[in-house]
Amino acid sequence: MDAKNGVYVGASVGQTTLEIDDLDLDVESFDYTADSTSTKFFLGYRFMGFLAVEGSYIDFGSMSDSTEIDGESLSLETDLKGYDVCAMGMLPLGIADIFIKGGIVSWDADIRTAFEEIIEYDGESGTDMVYGLGAQVRFKGFAVRGEFEYFDIADADSVYLISVGASYTF
């Protein structure tokens, strides 16, 4: 079955993992690792069966981690959101596709640091690269997909999203 070309919309749900080794805070540094449930909404256009462009809004969720410093509790919470635009190369295999993608992500993080009664709020934002790979199975205009995306955010050691979702091509 040939891939249906045209405009498509979809949504995914998954898990984001954020890792920052030796996070330098005013008090001390620690290894920050956190996971969160994420949602993604995407819109794309598929050309000629093997090429597509796709834009997404991603709510990476609220992630938190904590540690003890001299018997005192230190916690860090991050709310991360972003928009990305990617070019996708697709390999049609009958009713399925394997795809790779690459592009840019514009992200915004709200950060809350708490050391006992001292609470600080901060924000970070930036534009960095995103890479991904995945597969989808098509049923007429509908498709079910699974994908892995790596966000090369400069301030983090790794940010990645593993998700499953569905789309409809008009």
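Me: What share of the contacts in the chain between residues at least 6 apart in sequence join residues at least 24 apart?

Reply: The share is 59%, where a contact means heavy atoms within 4.5 Å. This is a predicted model, in which local features need pLDDT of at least 70 and side-chain atom pairs count only at pLDDT 80 or more, while totals for chains, interfaces and linings use all residues. Residues are numbered from 1 along each chain as its sequence is written, and side-chain values use heavy atoms, with hydrogens and water left out.

Me: How many helices and strands does the secondary structure of the chain come to?

Reply: There are zero helices and eight strands. Read from the N terminus, the order of elements is β-β-β-β-β-β-β-β. The C-alpha atoms fill a box of roughly 65 × 25 × 20 Å along the principal axes.

Me: What makes E116 buried, exposed or partly exposed?

Reply: The relative accessible area of E116 is 36%, which means that E116 is partly exposed. E116 belongs to the loop between β5 (96-115) and β6. Leaving aside neighbours within four places in sequence, E116 is in contact with E72 and S73.

Me: How many aromatic pairs does a search of the whole structure find, and why is the pair of Y45 and F47 given its name?

Reply: The search finds seven aromatic pairs. The ring centres of Y45 and F47 are 4.7 Å apart and the planes meet at 75°. Rings of Phe, Tyr and Trp (its six-membered ring) pair if their centres lie within 6.5 Å; planes under 30 degrees apart are stacked, over 60 edge-to-face, and the rest tilted. The pair of Y45 and F47 is therefore edge-to-face. Y45, at 37% relative accessibility, is partly exposed, and F47, at 33%, is partly exposed.

The rings of Y168 and F170 have centres 5.1 Å apart and planes at 85°, so this pair is edge-to-face. Y168 is partly exposed at 30% relative accessibility, whereas F170 is exposed at 56%. Ring pairs join F142, Y168 and F170 into a cluster.

Me: How do you know that R145 lies over the face of F42?

Reply: R145 is 4.2 Å from the ring centre of F42. A charge sits over a ring if NZ of Lys or CZ of Arg is within 6 Å of the ring centre and within 35 degrees of the ring normal; R145 is listed as lying over the face of F42.

Me: What is the volume of the largest cavity, and which residues are closest to its centre?

Reply: The largest cavity has a volume of about 100 Å³. Of its 13 lining residues, R46, Q136, A143, S167 and T169 are closest to the centre. On a 1 Å grid over the protein atoms alone, a cavity is a set of points where a 1.4 Å probe fits but cannot get out, and lining residues have an atom within 4 Å of a point. Points are joined across faces, edges and corners, and the volume is the space filled by probe spheres set on them. By this rule there is one cavity of 30 Å³ or more. β6 (118-139), β7 (142-152) and β8 (158-169) each supply at least two lining residues, and the largest share, three residues, comes from β7.

Key: On a 1 Å grid over the protein atoms alone, a cavity is a set of points where a 1.4 Å probe fits but cannot get out, and a pocket is an open set with protein on both sides within 12 Å along at least five of seven lines; lining residues have an atom within 4 Å of a point. Helices (H or I, at least four residues) and strands (E, at least two) are DSSP runs, numbered from the N terminus. Buried means under 20% relative accessible area, exposed over 50%, partly exposed in between (1.4 Å probe, protein chains only).
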